[in-house]
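Here is a short report on one structure.

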Amino acid sequence: GDAIAAATNYYIGVVSVDKYGNESAALTGGPYTLSGAANNPPNNPASLQQYKSDGTTIIAVGAQTTETTVVLKGTVSDPDANSVKLQVEVRSKSTAFSNSWTHESALVASGGTASVTVSGLISGTTYHWQARAVDSNGASSGWVIFNGADGNHFVVQTPPGAGGNPT
């Protein structure tokens, strides 16, 4: 059926039918008005950035990191002031985005910075990523590709003998 809208009058009617098809008189009530505003989706995440595992050392676009863990951050906000989390989709550059999140942050206050730790990355692999904001009611923003364009966002290259090197 149609969606129910806030601030709209609705009338309810009920009729019972027995196993022989006999109907009762209709019971009606109303008007009933739903209060509260509809939930708006959060704003697109802003100020997306990628960091080494310490969460403070920036990984420049296209640069290498010697660690198999990165921290991805973004500012998330919601027009309804709901709490918001950051969902990210991190893929090897050879894999196209599917608009399905692979990692997510905890909820933070609207206007705050959300942080996502991504571990288990593979040495010798180039990655790209995108992010969206999701509010505490489940509404989501659109996907935003890091750096405004798809490309080689970072490369994991651990030193010889370090963890993460394929055998």
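Glu 104 is partly exposed. Its relative accessible area is 32%, which lies between the 20% limit for buried and the 50% limit for exposed. This is a predicted model, so every value here is computed from predicted coordinates.

Glu 104 forms a salt bridge with Lys 85. The closest N and O atoms are 3.0 Å apart. Glu 104 belongs to strand E7 (residues 103–104) and Lys 85 to strand E6 (residues 84–92), so the contact ties together parts that are 19 residues apart in sequence.

## The other salt bridges

The count comes to three salt bridges. One of them joins Glu 89 to Arg 91, with 2.9 Å between the closest N and O atoms. Are the two partners buried or partly exposed? Glu 89 has 0% relative accessibility, so Glu 89 counts as buried. Arg 91 has 22%, so Arg 91 counts as partly exposed. The limit for buried is under 20%.

Lys 93 and Asp 150 also meet through their side chains, at 3.5 Å from N to O. Lys 93 sits in the loop between E6 and E7. Asp 150 sits in the loop between strand E10 (144–145) and strand E11 (154–156). The pair therefore ties together parts that are 57 residues apart in sequence. Lys 93 is partly exposed at 30% relative accessibility. Asp 150 is partly exposed too, at 40%.

## Stacked rings

How many aromatic pairs does the count come to? There are two. Tyr 127 and Phe 154 form a stacked pair, 5.3 Å from centre to centre, with 20 degrees between the planes. Tyr 127 is in strand E9 (residues 125–135) and Phe 154 in strand E11, so this pair ties together parts that are 27 residues apart in sequence. Tyr 127 and Phe 154 are both buried.

Trp 129 and Phe 146 have ring centres 4.7 Å apart. Their planes meet at 15 degrees, so this pair is stacked; the cut-off for stacking is under 30 degrees. Trp 129 lies in strand E9, while Phe 146 lies in the loop between E10 and E11. The pair therefore ties together parts that are 17 residues apart in sequence. Trp 129 counts as buried, at 0% relative accessibility. Phe 146 is buried as well, with a relative accessible area of 4%.

## An open sheet

Three strands form an open sheet. Their order is E3-E5-E8, and the pairing is antiparallel. Strand E3 (46–52) and strand E8 (112–118) are the edge strands, because each pairs on one side only. Neighbouring strands are turned by 20 degrees against each other on average, with direction ignored.

Strand E5 (residues 70–76) is joined to E8 by seven bridges. These two strands run antiparallel. Which residue of E8 is the bridge partner of Thr 75? The partner is Thr 113. Strands of a sheet pair through backbone hydrogen bonds, either parallel or antiparallel.

## A nonpolar surface patch

Ile 12, Val 14 and Leu 27 make a nonpolar surface patch of about 300 Å². Leu 27 is placed in strand E2 (residues 27–33). The relative accessible area of Leu 27 is 62%, so Leu 27 is exposed. The cut-off for exposed is over 50%.

Conventions. Residues numbered from 1 in each chain as written. Predicted model: local features only at pLDDT ≥ 70, side-chain atom pairs only at ≥ 80, totals over all residues. Heavy atoms only, no water. Helix = DSSP H or I, 4+ residues; strand = E, 2+ residues; numbered from the N terminus. Axes fitted to C-alpha atoms, helices over the stretch in contact; angles between N-to-C directions. Salt bridge = Lys/Arg side-chain N within 4 Å of Asp/Glu carboxyl O. Buried < 20%, exposed > 50% of the residue type's maximum accessible area, 1.4 Å probe, protein only. Patch = residues over 30% accessible without salt bridge, like charges linked within 9 Å, V, L, I, M, F, W, Y side chains within 5 Å. Areas by Shrake-Rupley, 256 points an atom, 1.4 Å probe, with all protein chains shown as cover. Phe/Tyr/Trp six-rings, centres within 6.5 Å; stacked < 30°, edge-to-face > 60°.
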